[in-house]
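Let's take a friendly walk through a protein model together. Have a look at the structure below, and then read on.

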Amino acid sequence: QSSIKACISLRSMHLARNMSDPLELVEIADQRDLLERTSRDMHDMHTLNYVASPSQRVTDYFMEENLAARVAVPGAGTFESFPTNFWDLINQFISAFLSSSAIPLDDLHGPDYTVNHMSLNKRAVTFVFENLWTVRDAMDVFFGILLDEIVSLLTISNIIVYCLLIVNIALLAFISFTVLQNVNSVFPTCQHC
């Protein structure tokens, strides 16, 4: 969700045509601020998910090189796919948000998207748009793994609750049996005993 919000901010900056209009300049400043905050929030959450991962399976997903990031390669002048892991891909994506928030509007509106002529900020913008679906798919897998871990935790919790319930029922039955066995000694003159 944060990545989509940031892409919308980048698109809003790109659509801002009239740079002399004070309202549009305020809107652009707001979009830049939103990109910086989104990048900071994503960085904090991503680091927290890595440092305090709930299981080894989640940690393994962070380090498996099973994703491909499309990166602009200067010199060759092309976009190439490189294998990467979840940790690096999201960190690159967050860095691209931060870098793209500082892009000059003239550069953003420039029609030249040749890899060898793009500035670093413009490469960051293209990195965001080139890898949005890869990040989205990677996040879907990540959330699926987290959901599996939650289901496992739920299963373990249910087993513990059922075991405690069985122990309580057995204890209640034992206490009831003991009380009923000794009712004659407690109430020797009871007419129903």
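Of the elements in the protein chain, α6 has the highest mean pLDDT (91), and helix α7 (residues 183-186) the lowest (72). Here pLDDT is the predictor's confidence in each residue, from 0 to 100, and helices (H or I, at least four residues) and strands (E, at least two) are DSSP runs numbered from the N terminus. The chain averages a pLDDT of 83, and 90% of the residues score at least 70. Where pLDDT is low, the predicted coordinates should not be read in detail.

This is a predicted model: local features need pLDDT of at least 70, side-chain atom pairs count only at pLDDT 80 or more, and totals for chains, interfaces and linings use all residues. Residues are numbered from 1 along each chain as its sequence is written, and side-chain values use heavy atoms, leaving out hydrogens and water.

Five salt bridges turn up in a search of the whole structure. A salt bridge is a side-chain nitrogen of Lys or Arg within 4 Å of a carboxyl oxygen of Asp or Glu. One of them joins D148 and R57, with the closest N and O atoms 3.2 Å apart. This pair ties together distant parts of the chain, 91 residues apart: D148 sits in helix α6 and R57 in helix α3 (residues 56-63).

**Where V161 sits**

Helix α6 (residues 120-181) also holds V161.

**Confidence by element**

| Element | Mean pLDDT |
|---|---|
| α6 | 91 (highest) |
| α7 (residues 183-186) | 72 (lowest) |

**The second largest pocket**

Which element gives the largest share of the lining of the second largest pocket? That is α6, with five residues. A pocket is an open set of points, on a 1 Å grid over the protein atoms alone, where a 1.4 Å probe fits, with protein on both sides within 12 Å along at least five of seven lines; lining residues have an atom within 4 Å of a point. Of its 16 lining residues, R70, V71, A72, Q92 and F127 lie nearest the centre of this pocket.
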